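Dear colleague,

I am handing over the structure that we talked about, and it is shown just below.

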Amino acid sequence: MAARDAGITNLRVMCHDAVEVFEHMLPVASLETVQLFFPDPWHKARHHKRRIVQPEFVQMLRDKLKIGGIFHMATDWENYAEHMVEVMDVAPGYKNTATDGPYIERPEERPLTKFEARGHRLGHGVWDMKYARVE
Ligand SMILES: C[S@@+](CC[C@H](N)C(=O)[O-])C[C@H]1O[C@@H](n2cnc3c(N)ncnc32)[C@H](O)[C@@H]1O
């Protein structure tokens, strides 16, 4: 179904560096939710600095979220999930919405891709986290 037929009027698709889109093309305090699904995990320790979830990036995102807005991350790489929690737990202005440990159940609204379904069949894990902008 086309977005217009579904009644969606605020859809934009941008083929561009997401960091630049957030920095330069979105007004402050304008977003209800930011969804970051399966960002490149950069497995090797010496490449971890290339991971998109870093203190500076998440503060820039916070500025674009409304107060109460949600930053939802998902990854199938446990070490990246731990890294996300480490970064987010000390990031000013955010609070983890999870009530039983840092992770949440797989939310219905996150689409199940063929790739993820195959991972489930192979017994691989996926970790979801939702942090709210609280100030
Ligand atoms: C592991 S794939 C996951 C793709 C998709 N989100 C999914 O769940 O199937 C990560 C993707 O992020 C893209 N990517 C990495 N850094 C990016 C950036 N700064 N801006 C936009 N896309 C980026 C990569 O090109 C790659 O296609």
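Helices (H or I, at least four residues) and strands (E, at least two) are taken here as DSSP runs and are numbered from the N terminus. Please keep in mind that this is a predicted model, in which local features need pLDDT of at least 70 and side-chain atom pairs count only at pLDDT 80 or more, while totals for chains, interfaces and linings use all residues. Residues are numbered from 1 along each chain as its sequence is written, and side-chain values use heavy atoms, with hydrogens and water left out.

The overall picture

The chain contains four helices and four strands, and along the sequence these follow the pattern α-β-α-β-α-β-α-β. The radius of gyration, which is taken over C-alpha atoms, is 16 Å, close to the 14 Å that the globule rule gives for 135 residues, so the chain is as compact as a globular protein of that length; the rule itself is 2.2 Å times the number of residues to the power 0.38. Along its principal axes the C-alpha trace spans about 40 × 40 × 30 Å.

Of the 135 residues, 36% count as buried, where buried means under 20% relative accessible area, exposed over 50%, and partly exposed in between (1.4 Å probe, protein chains only). If a contact is taken as heavy atoms within 4.5 Å, then residues 24 or more positions apart account for 77% of the contacts with a separation of 6 or more.

Salt bridges

A salt bridge is counted where a side-chain nitrogen of Lys or Arg lies within 4 Å of a carboxyl oxygen of Asp or Glu, and a search of the whole structure finds five of them. In one of these, the side chains of Glu 116 and Arg 106 meet with N to O at 3.0 Å. This pair links distant parts of the chain, with Glu 116 in helix H4 (residues 114–121) and Arg 106 ten residues away, in the loop between strand S3 (94–96) and H4. Glu 116 is buried, with a relative accessible area of 5%, whereas Arg 106 is partly exposed at 31%.

Glu 116 also meets Arg 110 in a salt bridge, at 2.7 Å from N to O, and both Arg 110 and Glu 116 are buried. Salt bridges that share partners join Arg 106, Arg 110, Glu 116 and Asp 128 into one network.

Another salt bridge is formed by Lys 130 and Glu 109, whose closest N and O atoms are 2.7 Å apart. Here too distant parts of the chain are linked, since Lys 130 is in strand S4 (residues 127–133) and Glu 109 is in the loop between S3 and H4, 21 residues apart. Lys 130 is buried, with a relative accessible area of 19%, and Glu 109 is partly exposed, with 43%.

Phe 115 lies in helix H4 and is exposed, with a relative accessible area of 58%.

Most residues other than glycine have a negative phi. Phe 38, however, has a positive phi near 55°; this residue is found in the loop between strand S1 (31–37) and helix H2 (55–64), and counts as partly exposed at 29% relative accessibility. Trp 42, placed in the loop between S1 and H2, likewise has a positive phi, near 45°, and counts as partly exposed at 31%.
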